[in-house]
Structure formats: structure tokens, C-alpha cells
Amino acid sequence: MRKVLVPLIAMAAAFLAVQCAFAAPPAAEEASARTIVVSTRNVPLPVHQRVTLGLGKAAVVEIDTDARDVLVSNPEIVDAVVRTPRRIFLMGQKGGQTNAFFFDTSGRQIASIDIRVEKDTTDLAKLIKLSFPDTDIKAQAINDTVVLTGHVASVQEAQRAADIAASFTGDAKKVVNVLAIRSSEQVMLKVRIAEMQRSVSKQLGIDLSQASTTIGGTVISGATSNPYGIVGSALSDLSQIKVSNGNLSGTLKALESVGLVHILAEPNLTAVSGETAKFLAGGEYPVPSGRDSSGNVSVSFKQYGIGLSFTPVVLGPGRISLQLSTEVSELTNTGSYTLQGSTSSTTTTIPALSVRRAETTVEVPSGGSFAIAGLMQHTTKQVLEGFPGAKDLPILGALFRSRDFSNEETELVVLVTAYLVKPATETKFAASTDGFVVPTDAEALLLGRLNAIYSRDSGGTAKTAEAAGGYIVQ
């Protein structure tokens, strides 16, 4: 039995020795990561090194010469503990920079180490790399501050990386975000506002200016003048027919009005991601806002026209968030206000505004379009006014009443298209004034032209066009 056990024990010991031999290198690597070796052999003294020490962590300095004294310039940053003459512990206690000097038994300086204590950003860098695998974000510590460098695909990724770093430092003010955005940060917004307004008004009425009859020797006369309830007066006094026959005279008023309004606006505006851009094509009208101590009327101005305001945020190469506000306004007498002057004969009419406005936040890809607003409005008004009782008579009742009819239809749509844009050379842009040529005196006097007419042949040489008039650029 002993002869069997001895070989087994020998084999187990050999197996353990092999395992220890394979396990030793990782332990040596781990120890070397925390050990600073200072060799003084065959080198001029003192030996100088630079070391970065993690905050709250320690390092072991191994010297091949006995050291008696260790001097640290700022003990609040690094604390030194002499374990043996050849082994000294350095512990980082506060972020900053300091240095340590080592002296032998004879008082000679044998080594010096410049030490920088900062936060260990190894775990932070791993977390950022795990959260953003397609980026090259680097986290570096400078004293108590973490600096983020590299490139990201969007502002959103840069903000998320800064939030992670702020959680690591415990204070967002200690994070310096210098990340660059790969994609373009300039957004051009094209807004198309299309509106059609159709209005129909009809008026029909009979006014009896003189009607009389004799009953039992008594003359009875009457007259009617029926108003219009919607417009307030006849649309046109010229559209009327007067009839007079003996004791009866009257006026027939009839008018039909059809109106059409077409509004098409396409404002374009470019802004940097995160900044607000505004556009207004219109004007300002004065509005009395009060009186001063002398009784003079003070005036303020209100804007009207085609307005556009938007704030783009580039979320990624194909994602753009838009905070948009657009409106179309025009002056109108509907809802206007009349201000009485100092005398009864002086009045001031302040116009009102007819406004179509849309405010929203949408997310679109570059080159994508959205219909952010739409309006379909149909308003019908009809008023019958006349003499009580008589206006309700069949057939004859038409002589004692008037009819006022109004129909209004409005259709509005707002389309938005966003593009990621980059600057280009001036030659790639064109203005509406490009190609305009002032006509000669002969062309203006003899042909009545306001501008010269020309075209370009295949060789690019300008020549006079054969057209009789117009502004042609080919």
C-alpha cells in the first residue's frame, strides 16, 4: 500500500507545481500594476520618474538602495509610509500634483518622483464604451475634473455621456464636455403654407317707397325699407331696379358676390442645432397704447405677415427634432376698433388681425416632410328680415322681406421639410436678381421693355432672344 501512495503523492505535488507556475504570472502582473520600481544601478543619481496615482489608492515604491528619509512636498495630496529602507508606500489622498524625494543614509538624494493624483477613470471609460460602442469617447481626469474628448454621432449622445460622467464625479460642474459631433449641426427648414378662401354673398330685397290705397274714403299709405342682417347694408346701390305704377312704387335690389383668395408662402430658414431662428415677411402697424402727460397719443407697433420661428436639435444622422411656430396674419376690418379723437369729427380706426397660427414639436429625418397643421372651415349665414306677418305670406311675402346670404370656405395646410445642410461655395447659389439686365433706351422707348431679353447658346455666349417681350433666362 505504501508503494502505491508514494507515487500518487508525487504526481499530485507535480500537478500543483504546474498549476502554481501557470497562476504566478497574473499575480505578478497585478502586483506590478501597483508597484513602482526605482533602479539606481548604473545610472546617474538622482533617478527621476513621473507617476499618476489614483485618488484613494496606494502604490509601492521598490528601491534597490536603502533609503533613510522620504520627503513629500504636499502631504495633503500624498502620504508616504516607510515600511522598510527599500519599500515605501505612497497613498493618494487628494487630487492634485506633488513630488517625493528619497535620501540614503548619508543624506544623498537617490531618487525623486513627480506624482499626480487624480480620479481613476478606468471604470468610467469602460461604462461609456459599453453604452456607446460606435464612438471613440475618451475620459481623462485632471485634478477633480473629468474631460470627455472624441467624436459622437449626435448632441443627444454627447449629453448622455456627460450625464454618465456627472454621476461618476458627483457634480455636473466637474465635467468638461468637448465632444465633437460627426454629423452636420445646421438644419434648413422649408415651410409651405397653402390656403384657399372662397366667399359667396347674395342679397335680395324689395323696398316699397310709396304704396297707397283708399278704403271708405280714407287713404292708407305704407313704405318698407328692409335692412340686411349680415352685411348691414346693400352690397351695391347700383344693382337695383325701380318700379313705379300709379300709387305703387318700389325698388328691387339683388346682388351676388363671389370672392377667391389664394395664399401661398414658402419661407426657408437655416439654424444651428439648438439655436432659435426667426423669419418675418410682412410689416408692422401702429396701435395706440395710451396717452402721455400732455395728452398726446403714444403708439406701439404690432407685427403681421408670414412668420416662422423654429429651434432644431440634431438627435442623430437621420433624426431632427423641431420646435416650430408658424403663422399667417393679415389686416382686416372685422373686429376693428374705432378710437374717438379730441373732437367729434376725428376718429381713428385700429384694424384687427386675421391670424392662422400653428405651434408644435415634431421629429423628422433629413429630407422628410410632415403636414403639421390643416384647417377645413365652412361657414354659412342666412338672414331673412321683413314686415311682421306680411313677410310670411306666400308669394306676396317677398314684397315685404329681404334675404341676406353668406357662405365662406377656408382650406389651409402647413407642410414642413427639414434638411441637414452644409456650407457651399458662392457659385452654387443663385438669387432672383441674377441675370437681370437693364434695357437700352431703344428697347424701353420702342419696344416698351422693362428689362433686356436674352438667352444662351450651347457655347455659353449671350444673345438676344426672338421673343417680343418678357424676362427669359435660359
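Colleague: How many residues sit between β19 and β20 in their hairpin?

Modeller: Five, and G295 in that turn has a positive phi of about 90°. Keep in mind that this is a predicted model, where local features need pLDDT of at least 70, side-chain atom pairs count only at pLDDT 80 or more, and totals for chains, interfaces and linings use all residues. Residues are numbered from 1 along each chain as its sequence is written, and side-chain values use heavy atoms, leaving out hydrogens and water.

Colleague: And how many bridges join β19 to β20?

Modeller: Strands are DSSP runs of E with at least two residues, numbered from the N terminus, and two of them pair if DSSP finds at least two bridges between them. Here β19 (residues 277–291) and β20 (residues 297–316) run antiparallel and share 14 bridges.

Colleague: Where does P46 lie?

Modeller: In the loop between β1 (35–38) and β2 (47–54). Check the backbone there: the peptide bond from L45 to P46 is cis, with omega near -5°.

Colleague: What is the strand order in the sheet with β10?

Modeller: It goes β9-β10-β12, three strands in an open sheet with mixed pairing. The edges are β9 (138–142) and β12 (175–177), each pairing on one side only. β10 (residues 145–149) runs parallel to β12, and three bridges join them.

Colleague: At what angle do α2 and α3 pack?

Modeller: Angles run from 0 to 180 degrees between N-to-C directions. For α2 (residues 122–131) and α3 (residues 155–169) the angle is about 155°, with the axes 11 Å apart. That makes α2 roughly antiparallel to α3 (the cut-off is over 145 degrees).

Colleague: Which residues of α2 and α3 meet?

Modeller: Contact means heavy atoms within 4.5 Å. From α2 come L124, L127, I128 and S131, and they meet I164, A165 and F168 in α3. By type, the residues of this contact are six nonpolar, one polar and no charged.

Definitions and conventions:
Helix = DSSP H or I, 4+ residues; strand = E, 2+ residues; numbered from the N terminus. Parallel < 35°, antiparallel > 145°, perpendicular 65-115°, else oblique. Nonpolar A, V, L, I, M, F, W, Y, C, P; charged D, E, K, R; others polar.
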